[in-house]
Amino acid sequence: MFSTPTRSLIGAGTRLRVPLCARSLSSPSDANAPAPQPKTASQPKTESQPKTETQSKPATQPKTAPPVATAPPVPQHPVEQPPKEWLQRLNTFEDIRMPRSVQAIYLRPLRRKAEYGLPVCDLQLRSYSVQNVEFFADFALRAAYYLNLPVSGPVPLPRLVERWTVPRSNFVHKKSQENFERITLRRLIQIKDGNPQAVEAWLAFLRKHAFYGVGMKANVYEHDSLDAGKSMDQSIPEIQKTLEPHLAQFGQRQDNKSEQSIFDVLDSDRFAERRNV
């Protein structure tokens, strides 16, 4: 059944023959030969149990109503709440114990009421930027409150608009021109029933802490009683005494120092002769 063919191997200088085990294939004449069955592990036989048929009833489902066509849900947008007032915002910082001076920054500047309403000073602020002029106007109002000055404003004044047209080039390119515009914003702050010394201190404080890009122009008014003419007449002798040393050297050079005044020179004999001529 088994044949022993050989296969030659080429070794180092020798030729060896090694037997190989091979199985011959079945010939066409052995077609009826039974095919070998594979061996399986033996299992113990168990008694067959009778089969019982159980009829399972289908579970009853509750009846549901037929679906009704409904409109698609409308998307709801979040409702925007109005901004809170500064007082409500400050209440959230009660635990922090913020100083009153810091809280005042978030509130409107305090004002004092005028008793008579007499204008004492008009301060005009000018700037090219809205933020700068509004910031400095708020600063001026707060400074006036702490100096006991009744203040009104800031009142927006008409804007000053300036325009220029400049040619970009010369000669044949003169028609190519460029336009420029400058807008000046103005605010008016008025002091009423204020002490003149307090007004001067207020203006000096604003000049010391001037803000960049903001110009100032102040008109100060002085009020006097109805008897101003009499008081001026009474002050004439004092004014003459203060001006006499300055008028004595009037018309003379600074390097020409002489003890005689101009009145003594005019009353001298030299000028008396010329008068008669």
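**R187 is a buried residue, at 12% relative accessibility.** Buried here means under 20% relative accessible area, exposed means over 50%, and partly exposed is in between, with a 1.4 Å probe and protein chains only. This is a predicted model, in which local features need pLDDT of at least 70 and side-chain atom pairs count only at pLDDT 80 or more, while totals for chains, interfaces and linings use all residues. Residues are numbered from 1 along each chain as its sequence is written, and side-chain values use heavy atoms, with hydrogens and water left out. R187 pairs with E134 in a salt bridge, with 3.0 Å between the closest N and O atoms. The partners come from distant parts of the chain: E134 belongs to helix 3 and R187 to strand 7, 53 residues apart. Helices (H or I, at least four residues) and strands (E, at least two) are DSSP runs, numbered from the N terminus. E134 is partly exposed, at 34% relative accessibility.

**Five salt bridges occur in the structure; this view shows E181 with R163.** A salt bridge requires a side-chain nitrogen of Lys or Arg within 4 Å of a carboxyl oxygen of Asp or Glu. For E181 and R163, the closest N and O atoms are 3.0 Å apart. The link joins distant parts of the chain, from E181 in strand 7 to R163 in strand 6 (residues 151–167), 18 residues apart. E181 is partly exposed, with 47% relative accessibility. R163 reaches 62% and counts as exposed.

**E178 and R168 join their side chains in a salt bridge.** The N to O distance is 3.9 Å. E178 is in strand 7 and R168 in the loop between strand 6 and strand 7; the two are 10 residues apart and link distant parts of the chain. E178 has a relative accessible area of 33%, so E178 is partly exposed. R168 is exposed, at 57% relative accessibility.

**Helix 4 runs over residues 196–208.** The helix has 13 residues. From first C-alpha to last, helix 4 reaches 18 Å, close to the 18 Å expected at 1.5 Å a residue. That expected span is 1.5 Å times one less than the number of residues. Buried residues in helix 4 are A198, V199, W202, L203 and L206. Down the helix axis, the buried residues of helix 4 fall within an arc of 135°, so they line one face. The arc is taken over the directions from the helix axis to the C-beta atoms. An α-helix has 3.6 residues a turn, so residues three or four places apart point the same way. Q197, E200, R207 and K208 are exposed on the other side of helix 4. The cover over the buried residues includes strand 5 (119–127), helix 3 (130–146), strand 7 (177–192) and strand 8 (214–220). Contact means heavy atoms within 4.5 Å.

**Aromatic pairs number five in this structure.** The F139 and F205 ring centres are 5.7 Å apart and the planes meet at 20°, so the pair is stacked. F139 sits in helix 3 and F205 in helix 4, 66 residues apart, and the pair links distant parts of the chain. Rings of Phe, Tyr and Trp (its six-membered ring) pair if their centres lie within 6.5 Å; planes under 30 degrees apart are stacked, over 60 edge-to-face, and the rest tilted. F139 is partly exposed at 26% relative accessible area. F205 is partly exposed at 34%. Elsewhere, ring pairs tie F135, F211 and Y212 into a cluster.

**R112 sits over the face of Y145.** The distance to the ring centre is 4.3 Å. A charge is over a ring if NZ of Lys or CZ of Arg is within 6 Å of the ring centre and within 35 degrees of the ring normal.

**A cis peptide bond connects G153 to P154.** Omega is about 0° at this bond. P154 lies in strand 6.

N148 is not a glycine, yet its phi is positive, near 60°. N148 lies in the loop between helix 3 and strand 6. With 52% relative accessible area, N148 is exposed. F171, also not a glycine, has a positive phi of about 60°. F171 belongs to the loop between strand 6 and strand 7. At 74% relative accessibility, F171 is exposed.
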